Amino acid sequence: MSISTEPQSAPPDRTLGPEVVRVRVPARSWRGDLRAIKIVWQRELIRFSRDRLRIVVQLVQPFLYLFVLGTGLSRLASAGTHGVNLRTFVYPGVLCLAVLFTAMFSAASIVWDREFGFLREMMVAPVRRSSLVIGKCLGGATVAGFQGVVMIIISPLVGVSYQFTLIVEIFALQLLLAFAITAFGVMAAARVKQMQSFMALMQLIILPMFFLSGAIYPVSGLPRWLEILNRLDPLTYAVDAMRRAVFAHLNISEAARHALDPGVTWWNFHVPVLLDAGVILALGLGMLGIAIAEFSRID
Amino acid sequence: MSTSDAILLPDLAPDQDAAVLVRGLGKRFDEVEAVRGIDFSVAPGETFGFLGPNGAGKSTTIGMLCTLVRPTSGRATVAGHDIVAERDEVRRNIGLVFQDTTLDGYLSAAQNLRLHAELYGVPRELVRPRMQQVLEMVGLWDRRDSLVNTFSGGMKRRLEIGRGLLHSPRVLFLDEPTVGLDPQTRSSIWAYIRELKAQEDITIFMTTHYMDEAENCDRIAIMDHGEIIVLDTPEALKASVGTDRVQIHTEDDAAAIAALAEQFGIEATIAEGAVTFGVDAGEEFVPRLFAELGVGIRAVSVSRPSLDDVFMSYTGSTIRDAESTASDRNRDTMRAMGRR
């Protein structure tokens, strides 16, 4: 029996007769797992592209954060910023926040999948659960990456000009953060089975994480208790890396740099940008591992 | 599963060719013993039905055979593979259609199938022809690019059946395939199932609590309280209940009952407003009745025993009554299983 391999060429009224296309499903292999990762990732993108409201929200959201928050606060704080626009100052934090929300929503879809039963279709497939989880996390990271592109495009509006290395750095950091956050969300979704509970949990986590992270204030000279909480907040490291990347490309006074971009310290040790990124990566991989273990445990 | 369990397990040696082979299979959820050590086998190409009220243990059994629920005792093979030791092999060889839909409503029918093909590793060059084939089989080829959310309940179920077939499984599990559908859609689903039986070389294992649907099976196991009560062909089951039921409307019911006792030795009662009695071959008995009864007969009806009667005679209650008492147990089971 000959089978056309051209995708669109099969005539619609082809008589099948007794010649049934028999499929022989191959044994499990890394190729099969790669295909599984790819299709789960693709599904995220297809679903995102279908969800017009979500796309609009993603386009509008950053403007809201940046201009409302940045402009509003700047009326209070213009004295302490050494001439740097406050919008520029909060820009790195907003870069992280936008990704945070987007990635969390991607992870939430696992809870929907469970409620609508679709998760079962994936769970019974003869592939490693890790493929499903990795595909999901990569999908979340990619969707959040679109958000990141929007944020990068508007950067001149906050006084950050387009520079190739900066764009690459921001984009890479965003993908990394989005991956880690999705992994966190997927890990939580393995246990939290209802959408309302999941949303409540996210509310409980996202806002404190954002306010503790230093996205809207410099992280030096904080009261002791806040400093401790700040250093424990994973988002601190993403914001720190992002801010240093942005500020490295700004032409501002030393005093301003010192006041606004002091960098995170552990005791007296200045955490370098690569270590910032390393913290996020390590947390992301750790949570990915837990998520995989959790999903492998479910029958 | 630890190896110490294997020592206690019954031998699976006979009937190795069976599509499904079950020996002493049981499942306990904490307090609730959902399935109590059942045995049966299903031959390749057979359509095998599990019939019983909700909470009888049907879905738990199907869950174990599909490797979704771990048995707590006994063992089973599906398509020749052990359901505990060779989970992946089993999964590769079975198609599943669950009670609740497991489609992604935001994807098109074709995208749902493609996702399934990729997850099951269907060879790339076969994906499209096979997809067309199963979609035509379930009558959805024209709607392949429509979002699943726009489908009716019956179309979704058909799509799920088509998807279950996409990777040419050797055994197709249908857990209550027509539950929640209107009668017309139910019968159309059955038409599709019959068609696929004609086209595909496949064993079908299904559960249902609709009596009329169980008649479509080659063999039926009636399940209640976690046990198989009886297992046979629908015809044999009905024959085992015995008599046909004859109801007559007469001009004088009391005289008719007396005449039946006197002349035929039959004990009759009044049921549903008619003189009612059971005889072995009702249709052959009716002419004699007219000739010999001596009481005017206005109307007569003969009914063969239905699977309802079978269920009734083996469990002592109708399936509906059994459901209302089982619903309490069922709730316990659900609680013990937790929500997936």
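**Strand packing, helix contacts and nonpolar cores**

Six of the six residues of strand β8 (residues 203-208) of chain B are buried, so this strand is largely enclosed by the rest of the structure. Here a residue is buried if 20 or more other C-beta atoms, placed from the backbone, lie within 10 Å of its own; helices (H or I, at least four residues) and strands (E, at least two) are DSSP runs, numbered from the N terminus. The structure is a predicted model, in which local features need pLDDT of at least 70, side-chain atom pairs count only at pLDDT 80 or more, and totals for chains, interfaces and linings use all residues. Residues are numbered from 1 along each chain as its sequence is written, and chains are lettered from A and ligands numbered from 1 in the order in which they are written.

Both faces of β8(B) are covered, with B:Thr203, B:Phe205 and B:Thr207 buried on one side and B:Ile204, B:Met206 and B:Thr208 on the other. Strand β3 (residues 47-51) of chain B pairs with β8(B) in the parallel sense over five bridges, where pairing requires that DSSP finds at least two bridges between two strands. In this pairing, B:Gly49 stands opposite B:Met206. Strand β7 (residues 171-175) of chain B is likewise parallel to β8(B), over five bridges, and B:Phe173 stands opposite B:Phe205.

B:Phe173 and A:Cys96 touch the most other members of the largest nonpolar core, which has 156 residues. Such a core is a set of buried Ala, Val, Leu, Ile, Met, Phe, Trp, Tyr and Cys residues joined through C-beta atoms within 7 Å. Its largest share, 19 residues, comes from helix α3 (residues 86-115) of chain A. Apart from this core lies another, of 10 residues, among them B:Ile248, B:Ile257, B:Phe277 and B:Val279.

An open, antiparallel sheet is formed by four strands of chain B in the order β12-β13-β11-β14. The edge strands β12 (269-271) and β14 (297-303) of chain B each pair on one side only. Three bridges join β12(B) to the antiparallel β13 (residues 274-279) of chain B, and B:Thr269 stands opposite B:Thr276.

In chain A, helices α1 (residues 30-50) and α5 (residues 129-153) pack at an angle of about 35°, with their axes 8 Å apart; axes are lines fitted to C-alpha atoms, for helices over the stretch in contact, and angles run from 0 to 180 degrees between N-to-C directions.

Definitions and conventions:
A residue is buried if 20 or more other C-beta atoms lie within 10 Å of its own, exposed if 12 or fewer, and partly exposed in between; C-beta atoms are placed from the backbone.
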